[in-house]
Amino acid sequence: MPRSPEAVPASPAERGAAPPTAPGAWGLERLYPGYFALVMATGIISTAFLETGQGALSLALLALAVAAYLVLAAAFLMRLARYRASFLADTRDGSRAFGFFTLTAASDVLGLRLAAGGAAGALAPLAVVAASTWVLCSYGLVPRVMLRERKSPPRA
């Protein structure tokens, strides 16, 4: 299917990025910003199980949410360090940029679930991550996507 002239190229090579040097590097380079939805949804379900008295299941899902959050946070920091151009291209691409909001929600949901389980000390740092990413996404990404320079369609 042909892409519109405004579309951000799908592959890193099309964007002029250096080819990956390690197996799986393309996966890290193209890591979707919305993957924190996994943490968000798992944390919400964990909270629901906690509230309905199913503590063991809630705790298992909480452990999964914490592990996923830590793995994704590390992956996104590695991506930013190793593939900065690709990462920044995502901040201009309307089909990918809004996925960064899932980090905001995941941080908030996870912090509240941890606090509900007695780990109140985790709430403040995760709330700082949530608030700062919300500000960056709302006042940085949204205008960046809306005001990006658009290519003119080819003239016939």
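In this model, which is predicted, α2 passes α6 in a left-handed crossing.

**Exercise 1.** Describe how α2 and α6 lie relative to each other, and name the residues through which they touch.

*Solution.* Begin with the axes: those of α2, residues 37–51, and α6, residues 101–116, come within 8 Å and cross at roughly 25°. Angles under 35 degrees count as roughly parallel, and α2 and α6 are therefore roughly parallel to each other. Next, look at the contact, to which α2 brings A37, V39, M40, G43, I44, S46, T47 and L50, while α6 brings T102, A105, A106, V109, L110, R113 and A116. Sorted by class, this contact of α2 with α6 holds ten nonpolar, four polar and one charged residues.

**Exercise 2.** Work out the orientation of α6 towards α7, and then the make-up of their contact.

*Solution.* The axes of α6 and α7 are 8 Å apart, and the two helices pack at an angle of about 160°. Because angles over 145 degrees count as roughly antiparallel, α6 is roughly antiparallel to α7. The crossing in which α6 passes α7 is left-handed. On the α6 side the contact includes F101, L103 and T104, and on the α7 side it includes L123, L126 and W134. In the contact of α6 with α7, 13 residues are nonpolar, five are polar and one is charged.

**Exercise 3.** Classify the packing of α3 against α6 and list the residues that meet.

*Solution.* The axes of α3 and α6 come within 11 Å and cross at roughly 140°. That angle makes α3 oblique to α6, and the crossing of the two helices is left-handed. From α3, the residues in contact are S58, L59, L62, A65, V66 and Y69, and they meet L103, A106, S107, L110, R113 and L114 of α6. The class count for the contact of α3 with α6 is nine nonpolar, two polar and one charged.

**Exercise 4.** Which helix supplies the largest share of the lining of the largest pocket?

*Solution.* Start with the pocket itself, whose volume is about 490 Å³ and whose lining consists of 19 residues, with F87, F100, L103, T133 and L136 nearest its centre. At least two lining residues come from each of α3 (55–82), α4 (84–90) and α7 (123–146), and the largest share, seven residues, is supplied by α7.

Terms used
Residues numbered from 1 in each chain as written. Predicted model: local features only at pLDDT ≥ 70, side-chain atom pairs only at ≥ 80, totals over all residues. Heavy atoms only, no water. 1 Å grid on protein atoms, 1.4 Å probe; cavity = no way out; pocket = protein on both sides within 12 Å on 5 of 7 lines; lining within 4 Å. Points joined across faces, edges and corners; volume = space filled by probe spheres on them. Helix = DSSP H or I, 4+ residues; strand = E, 2+ residues; numbered from the N terminus. Axes fitted to C-alpha atoms, helices over the stretch in contact; angles between N-to-C directions. Parallel < 35°, antiparallel > 145°, perpendicular 65-115°, else oblique. Left-handed = near helix turned anticlockwise from the far one by under 90°. Contact = heavy atoms within 4.5 Å. Nonpolar A, V, L, I, M, F, W, Y, C, P; charged D, E, K, R; others polar.
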